[in-house]
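Thanks for coming, everyone. Let me put the structure up, and then we can walk through the links between its side chains.

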Amino acid sequence: MTSVFSSEAETGSRQENASNEESRARFRFDRNAKGSSARVKLRDDRRTAAWKPRRHLARYAASICLLVLGSAAANARSLEIITERGALTLCANPNALPFASKTGPVPGFQIELGEKIAQQLGVKLTREWVVSAIQYRRADCDLVLDSIARKDTPPAGGVQVSRPYHRSGVVLAVRADSQASSLAGLGSGQRVGVPVGSLVSMTLDKGGTVTSPFVFEDDIVAALANREIEAAAVTPATVGWFNLQHADKPLRLIPAFDNDPDFNWNIAAGLFRPDDKLRQRVDAAIEALLADGTIARIYARYGIELRSPQ
């Protein structure tokens, strides 16, 4: 399946009503590999921002619903229309660092990359901030970044993907002082944090690994750093961003899922109903930005290592 997500993350993040978000509480679910019933622990989730979206692993960065909403979200786009308008419109989440942010000192790597692509096309970048299915339907998107691209599945919903520019997936994170070098290296009964209901959660459960499901990836890595769990099955972007902000307690990556195609994917730009010329120009722009190191430098500013697509 070719999926559209943002940064790494748009994206199927949990959406909350802004007026209620300040006092909203969040549930964390813990379970063990012996199949005992889940224990629900209520934790206070007071936030300083009016709305703070998080990411589900299975919906890596923009919303996966863009595939089915793409045909309604935008009319056919041509390079000529983009050039005449003088702008390329990127849809992104307004509060989902490291992917994108509407406010604050850093814009997110999706915004920075979108600006560079627009510059290559000779136009400016405009932003549509979207967090819900209704907003995606109404948004006039040309582009969404961090689209999952699989070679064996054609695009759907009017979305076409560019040439890939990054390789992502699921990794196993441990604390820097951990002796584990593989999933099997974890001690008996040691818990692995997983996104609740995710494929990796189900896979580890079936294999007998003790898992501790969480709603959000950033909660998983925070629990790992605080020694509440012993490992975390998350995306590299989540770990890289965490390490950048917490140099005093860094996490280490273990490539525990490298040989599983279900947990590794290429990342590309998703274009809504582009003509051939627009798609070719975006491909050429990405090629140039890869060649001169621009994309690698953008990712590095957010603690993420650019990996070559396969």
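So, D177: its relative accessible area is 43%, and that makes it partly exposed (buried is under 20% relative accessible area, exposed is over 50%, partly exposed is in between, with a 1.4 Å probe and protein chains only). Its partner is R175, and the closest N and O atoms of that salt bridge are 3.9 Å apart. The rule for a salt bridge is a side-chain nitrogen of Lys or Arg within 4 Å of a carboxyl oxygen of Asp or Glu. R175 itself counts as buried, at 9% relative accessibility.

Quick word on what you're looking at. It's a predicted model, where local features need pLDDT of at least 70, side-chain atom pairs count only at pLDDT 80 or more, and totals for chains, interfaces and linings use all residues. Residues are numbered from 1 along each chain as its sequence is written, and side-chain values use heavy atoms, with hydrogens and water left out.

Okay, how many salt bridges does the rule give? The count is nine.

(Helices are DSSP runs of H or I, at least four residues, strands are runs of E, at least two, and both are numbered from the N terminus.) R77 is buried at 9%, while D140 is partly exposed at 32%. Both also belong to a network of salt bridges, together with R85 and D142.

Next up, E287 and R163, with closest N and O atoms 3.0 Å apart. E287 sits in helix α9 (residues 276-291) and R163 in the loop between β9 (159-161) and β10 (166-169), so this pair ties together parts 124 residues apart in sequence. E287 is partly exposed at 40%, and R163 is partly exposed at 25%.

Which cysteines form it? C91 and C141, with their sulfurs 1.8 Å apart. C91 is in strand β4 (residues 87-92) and C141 in the loop between α5 (133-138) and β8 (143-149), so the link ties together parts 50 residues apart in sequence. With -80° about the S-S bond, it's left-handed. C91 is buried at 1%, and C141 is buried at 0%.

Methods:
A disulfide is a pair of cysteine sulfur atoms within 2.5 Å.
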